[in-house]
Amino acid sequence: MKKLINQIWKFGIVGVICTVIDFGILTFLREVAGVHYLISNAVSFTVSVVANYILSMKYVFQRKKNANRVKEFIVFVILSAIGLLLNQLLMWGAVDGMGIYYVAAKVLATAVVMVYNFVSRKLILEEKSQEE
């Protein structure tokens, strides 16, 4: 249980870093460059996914021994693409459907996708240890 709590803390720290990247790029593209919020969201989400992969696999999750790193990255990208789809649907529903400001919608979408990301990555990408 202590290991899981420590892992959740590390996941949270990585999440904060990647959220700053995500929101920073989103806001820059939307407010400075004038790019549509869904396109801005897709770009910012994608950049943050790459940063999240690097940080998560280095600091949060125990890599499977002898895992093919290319396959591991592809699985990470597929899980993240599902997260992006969920994020985009939530953003679209909140902004276009409910008239919520795009930044507030992004906060909601980020919270939902964060839970999905942790659970899916833990179940699929992490090595199961005998001490748990």
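Student: Which side chain meets that of R69 in a salt bridge?

Tutor: This is a predicted model, in which local features need pLDDT of at least 70, side-chain atom pairs count only at pLDDT 80 or more, and totals for chains, interfaces and linings use all residues. Residues are numbered from 1 along each chain as its sequence is written, and side-chain values use heavy atoms, with hydrogens and water left out. A salt bridge is a side-chain nitrogen of Lys or Arg within 4 Å of a carboxyl oxygen of Asp or Glu. At 3.4 Å from N to O, the partner of R69 is E72.

Student: Is E72 buried or exposed?

Tutor: Buried means under 20% relative accessible area, exposed over 50%, and partly exposed in between, using a 1.4 Å probe and protein chains only. R69, at 37% relative accessibility, therefore counts as partly exposed. Because E72 has 6% relative accessibility, E72 counts as buried.

Student: How many residues apart in sequence are the parts that K106 and D22 tie together?

Tutor: The side chains of K106 and D22 meet in a salt bridge of 2.9 Å, N to O. Helices are DSSP runs of H or I with at least four residues, numbered from the N terminus. K106 lies in helix 4 (residues 102-125) and D22 in helix 1 (residues 2-32), so the parts tied together are apart in sequence by 84 residues.

Student: At roughly what angle do the axes of helix 1 and helix 4 cross?

Tutor: Axes are lines fitted to C-alpha atoms, for helices over the stretch in contact (heavy atoms within 4.5 Å), and angles run from 0 to 180 degrees between N-to-C directions. The axes of helix 1 and helix 4 come within 11 Å, and their crossing angle is roughly 145°.

Note on methods:
Helix = DSSP H or I, 4+ residues; strand = E, 2+ residues; numbered from the N terminus.
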